[in-house]
Amino acid sequence: MSDNEYKDNSNRKVYNIDFDGTLTNGSSYSKLVPNRTMISKVRELYFLGHIIIIWSARLWEDARDVVAFCIGHGIPFHGIMLGKGGTDLY
């Protein structure tokens, strides 16, 4: 198994990773710049067998753009969640 393959991990955690301002530098919808440091960390977590969910307050109509950005910049993920979700703590 290479370092670029997902590993099964019985101690895995679920990571919800913010999109704008975390995986990207800034939040301009027209000029998304990848945050290479965060992308590297997400890749590391993914390949260690953790679950990665890309989370954004964007509308679901932006799903195609979010997914395209992630694929285009080599950000592995298991799913996306768009829209503000309910939580006890952000």
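This is a predicted model: local features need pLDDT of at least 70, side-chain atom pairs count only at pLDDT 80 or more; totals for chains, interfaces and linings use all residues.
Local features here require pLDDT of at least 70 and side-chain atom pairs pLDDT 80 or more, while totals for chains, interfaces and linings use all residues. Residues are numbered from 1 along each chain as its sequence is written, and side-chain values use heavy atoms, without hydrogens and water.

A nonpolar core is a set of buried Ala, Val, Leu, Ile, Met, Phe, Trp, Tyr and Cys residues joined through side-chain atoms within 4.5 Å. Buried means under 20% relative accessible area, computed with a 1.4 Å probe on protein chains only. The largest such core here has 17 residues, and Phe19, Leu23, Ile52, Ile54 and Ile75 have the most contacts inside it. At least two of its residues come from each of α1 (19-23), α2 (36-47), β4 (51-56), α3 (63-72) and β5 (79-82). Helices (H or I, at least four residues) and strands (E, at least two) are DSSP runs, numbered from the N terminus. With 5 residues, α2 supplies the largest share of the core.

Leaving aside residues up to four places away in sequence, Ile75 touches Leu23, Ile39, Val42, Ile54, Phe69 and Cys70 (contact means heavy atoms within 4.5 Å).

Rings of Phe, Tyr and Trp (its six-membered ring) pair if their centres lie within 6.5 Å, and planes over 60 degrees apart count as edge-to-face. There are 2 aromatic pairs by this rule. The ring centres of Phe19 and Phe69 are 5.3 Å apart and the planes stand at 90°, so this pair is edge-to-face. It links distant parts of the chain, since Phe19 lies in helix α1 and Phe69 in helix α3, 50 residues apart. Phe19 and Phe69 are buried. Tyr46 and Phe47 form an edge-to-face pair as well, at 5.0 Å centre to centre with 90° between the planes; both residues, Tyr46 and Phe47, are buried.

Definitions and conventions. Buried means under 20% relative accessible area, exposed over 50%, partly exposed in between (1.4 Å probe, protein chains only). Rings of Phe, Tyr and Trp (its six-membered ring) pair if their centres lie within 6.5 Å; planes under 30 degrees apart count as stacked, over 60 as edge-to-face and the rest as tilted.
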